[in-house]
Amino acid sequence: MSSETLAKPAAAAEEAAPPRLVPRRHLGQWAAALVVLVLLGFALSSIMRNEAFQWDVVGAYFTSTAVLRGLWLTLWLTAVVMGLGFALGTLLAAARLSANPVLKSVSWGYVWLFRSVPILVQLLFWFNIGALYPHILGVKTVNLFGPVTVAVVGLTLHEAAYAAEVVRGGILSVDRGQIEAAQALGLSRWQRWWRIVLPQAMRSIVPPAANMLIGTLKGTSIVSVIAVQDLLYSAQLIYHRTYQVIPLLMVATLWYVIVTSVLSVGQYYVERHYARGAERTR
């Protein structure tokens, strides 16, 4: 057999082989990433080496009794407000989606009103409820609500308006055909909502709800204006006495960052739980 005969199958095999793919080199992206890392390093070094932050004072007050007590009240307020806010918001969302025009109008009006008025104004109104209505059902309202109660009521009513829209958007994201299929299978209304609508709606509800949770955590700092001794107010009480403003603000900031980071990790796992069976990439 001649050499030309042997060379033909080899040449044909080379022509039939798929071309070798060479990944594109993103030199610009790597250069930009290097620049960003260098800038972040300089910023972190500047913060850590800046004596004005008084890191020794930050460490001394970071786990002090007053700060931890304020942190606990902040966490308690966040949990209570989110729980009550979403409970009321779910009722408002159900009313908004109902066929009753009165319920729909009342729900829409509630959301419109409480989203239009700043939360600080709402808290001040509730704090001065005694000046607006001295008596309600025969009960004197002067000093009826303490600062913590005012914070819970004001923040809950405010968060409920946003929670209603989050829940409503999640329910509307479920394809109508899913509900019709459940009806065809003979599932009851409760079974349809619990087994079909809610699991799918949670995929759309969890991300904005987690944002609301983190926003509520940080937003509780506004209750310091009505003398609620949350995390920020506790830090303010200390630096009003010691005049160490920057390190005490850093104490509050670090605690907010830590708690927010923990909540973000929890959000990731909750989203992954409700994304099971979905064809989207997490």
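Twelve helices and two strands make up the secondary structure of this protein (helices are DSSP runs of H or I with at least four residues, strands runs of E with at least two, numbered from the N terminus). Read along the sequence, the pattern goes α-α-α-α-α-α-α-β-β-α-α-α-α-α. Keep in mind that this is a predicted model, where local features need pLDDT of at least 70, side-chain atom pairs count only at pLDDT 80 or more, and totals for chains, interfaces and linings use all residues. Residues are numbered from 1 along each chain as its sequence is written, and side-chain values use heavy atoms, with hydrogens and water left out.

**Overall packing**

- Of the 282 residues in the protein, 32% are buried (buried means under 20% relative accessible area, exposed over 50%, and partly exposed in between, with a 1.4 Å probe and protein chains only).
- Take the contacts between residues at least 6 apart in sequence: 75% of them join residues at least 24 apart (a contact means heavy atoms within 4.5 Å).

**Nonpolar cores**

- The largest nonpolar core has 19 residues, and Val67, Leu231, Leu248, Val251, Trp255 and Tyr256 touch the most other members (a core is a set of buried Ala, Val, Leu, Ile, Met, Phe, Trp, Tyr and Cys residues joined through side-chain atoms within 4.5 Å).
- Helix 3 (55-61), helix 4 (65-97), helix 11 (231-242) and helix 12 (245-274) each put at least two residues into this core.
- Helix 12 supplies the largest share of this core, with seven residues.
- Tyr256 is in contact with Thr74, Leu217, Lys218, Ser221, Asp230, Leu231 and Leu232, once neighbours within four places in sequence are left aside.

**Largest pocket**

- The largest pocket holds about 720 Å³ of space (on a 1 Å grid over the protein atoms alone, a pocket is an open set of points where a 1.4 Å probe fits, with protein on both sides within 12 Å along at least five of seven lines; lining residues have an atom within 4 Å of a point).
- As for volume, that is the space filled by probe spheres set on the points, with grid points joined across faces, edges and corners.
- Its lining counts 21 residues, and Leu97, Ile171, Arg189, Trp193 and Val197 lie nearest the centre.
- Helix 4, helix 8 (147-172), helix 9 (176-184) and helix 10 (189-219) are the elements giving two or more residues to this lining.
- Helix 10 gives the most, with ten residues.
- By class, the lining splits into 15 nonpolar, three polar and three charged residues (Ala, Val, Leu, Ile, Met, Phe, Trp, Tyr, Cys and Pro count as nonpolar, Asp, Glu, Lys and Arg as charged, and the others, Gly among them, as polar).

**Second largest pocket**

- The second largest pocket comes in at about 220 Å³.
- Leu113, Phe114, Val117, Gln122, Phe125, Trp126, Ile129, Leu132 and Tyr133 line this pocket.
- Two or more lining residues come from each of helix 5 (101-116), helix 6 and helix 7 (129-132), and helix 6 gives the most, with three.
- Eight of the lining residues are nonpolar, one is polar and none is charged.

**Salt bridges**

- There are two salt bridges in the structure (a side-chain nitrogen of Lys or Arg within 4 Å of a carboxyl oxygen of Asp or Glu).
- Glu165 pairs with Arg96 at 3.1 Å, N to O, which links distant parts of the chain: Glu165 sits in helix 8 and Arg96 in helix 4, 69 residues apart.
- Glu165 also meets Arg168, at 2.9 Å, N to O; both lie in helix 8, three residues apart, about one turn of the helix.
- Through shared partners, Arg96, Glu165 and Arg168 form one network.

- Phe127 lies in helix 6 (residues 119-127) and counts as partly exposed because its relative accessibility is 39%.
- Beyond residues up to four places away in sequence, Phe127 touches Pro147, Val150 and Ile226.
- Ser224 is in the loop between helix 10 and helix 11, and counts as buried because its relative accessible area is 13%.
- Ser224 touches Asp230, Leu232, Tyr233 and Gln236, again not counting residues up to four places away in sequence.
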